[in-house]
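Have the structure open as you read.

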Amino acid sequence: MGVTLIGVSLLVFMMLHLIPGDPVRYILGDFATPESIADLESRLGLDKPLPMQYLHYMAGVFQGDLGTSFVTGYSVMEEISNRFPITAQLAVYSILFGSIFGILIGVIAAMKQNTIFDQLVMVISLIGISAPSFWIALFLILLFAYHLGFFPISGYKGFYSLILPSITLGLGTAGNIARMTRSSMLEVIKQDYIRTAQAKGANLYRLIVQHSLQNAMIPVTTLIGLQFGALMAGAVVTETVFALPGMGSLIVSAIATRDIPTVQGLILFMAFLFIVVNLLVDLIYTKLDPRIRYE
Amino acid sequence: MITKTETTLQPAEWQELEKAPVSFFGMAWKKLRKNKGAMIGGSILLFFILTSVFAPVLTHYPVNEMRYDETLKAPSSEHWLGTDEFGRDIYTRILYGGRVSLLMGLVAVSIAGSVGVFLGVIAGYYRRLDLYIMQLMDILLAFPSLLMAIAIVAVLGVGLTNAMIAVAISVIPSFVRVVRGSVLAVREKEYIESARALGVRDWKIIVRHILPNIASPIIVLATLQFGVSILSAAALSFLGLGAQPPNPEWGALVYVGKSFLSQAWWMTLYPGLAIMLVVLGFNLLGDGLRDALDPRIK
């Protein structure tokens, strides 16, 4: 994990140097003088050799300094801490919506295997995975916000304004989780111990929740962890559509204005979050399946 | 060799056996044909490929011709899917846009597939390089794929070609992982050991013995990633980072349509529907291929 983190930071740091054109000239515009260029280069540390610049950048990162926005002049870390709560809420609500909805219909589909309900669930799940989230978002806005007026059309006005974005983001997750839960449950309910429990007269609820679901949840947990990454990326699109002031919409506006320190900081932060979530998922496995142990 | 007279098979069973395809891919094709979902998926894709190729025959409206007397017209017999803010026919733009969207998917999967298969084979076959290549892939996998595509566009700049490259790079790690895993399983087989013992060169072993035996997972992954790539490319265009208007790429059409959503829903509905159907087609076909190419599934 350490090597991965260093690699990620190196890759993100190199973004500034791979970008075509001189960032200093870009910031100062067409009327930059050689003195002002030299002055800014020295302030940004761009006059030092690359390895030194990287070490300087990383020293800042470890102290919570991700640089300063080229455009607003604010600290990138400050921007992230202002916007992170909205993206985090969106991710949590979407995961909750996707997991609860996905697991519920996945379990019912498995219990009613090869019925119309099962086939319907599978088709709807596949449509949920295949439909572009920005497209779903637009029609949710049109119907529930514009015509029915149930929700605000855009912007952040508390929990209420996160309902439609969470449904938008969670639909694809729900589809993936429903498919995985169904196949995982089908595999588990064919096991001998389930047949034994059934023969001993265990009621349906006990059979599903106590005996089947916990074991069926192991691959589903992996998927939920992986979905988190997709949600982080999906948040970029969803936040833009709903005009939510989160990290996703910030990254799009930062790219449009070529605000590289902000893009760098956001991508580094999101990649770090993704790695941490994957690590947490690995740890949850050991709780769900005591046979798995990490050295 | 067993002849008809030496077996206890009934003539009808023998005939069936003789008719049965012997090659692995022949059997897979037989299984695939029986899979309803895969056939529906394949038909959807064939429909979109044909309508994109024969777009000039299927419509008489020029793709970018503006008609200011016909702006924002609802679907009618004259304009089946309505018109946009410049009076351009949406049906025509979707047909031509299919060329761009499908091409974006094709280019992205071709680049990612070629690089991914090459790196995956090297990592799986030459264990000395495995650690370095997989470490690099772990680093790339630390970025959610669309996020990585966005980061690459930030570096390369906005545009159709750069979006294709960005999507391709973001898909490479999944190819490398799958190919490496398959090579690791195949390289320990006796026939590879025999070839090595006979002094067959590495590249010949890879091309003649390893690649044909790992083709199935690559085909399945490429099919599924095709849909993912089209979705990512559409998302980039929707964010204004990929294809730029007036390019009729489907994501770009939705991007333009969103500004007129309350007045002209058709500008957004139909291009989005096209994206969904194509991705659904690739998902259905990919699922079917996975079942058909898995020898454990009868």
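P246(B) sits in the loop between α11 (215-238) and α12 (250-257) of chain B; helices here are DSSP runs of H or I with at least four residues, numbered from the N terminus. The peptide bond that joins P245(B) to P246(B) is cis, with omega about 10°.

This is a predicted model, in which local features need pLDDT of at least 70 and side-chain atom pairs count only at pLDDT 80 or more, while totals for chains, interfaces and linings use all residues. Residues are numbered from 1 along each chain as its sequence is written, and chains are lettered from A and ligands numbered from 1 in the order in which they are written.

Most residues other than glycine have a negative phi, and most peptide bonds are trans. Two residues of chain A have a positive phi without being glycine:

| Residue | Phi | Loop in chain A |
|---|---|---|
| N114(A) | about 65° | between α5 (76-111) and α6 (116-130) |

Now to the interface: 36 residues of chain A are in contact with 35 residues of chain B, contact being C-beta atoms, placed from the backbone, within 7 Å. On the chain A side, α1 (2-18), α6, α7 (133-147), α10, α11 and α12 (260-288) each give two or more residues. That side has 31 nonpolar residues, five polar and no charged; Ala, Val, Leu, Ile, Met, Phe, Trp, Tyr, Cys and Pro count as nonpolar, Asp, Glu, Lys and Arg as charged, and the others, Gly among them, as polar.

Note on methods. Two residues are in contact if their C-beta atoms, placed from the backbone, lie within 7 Å.
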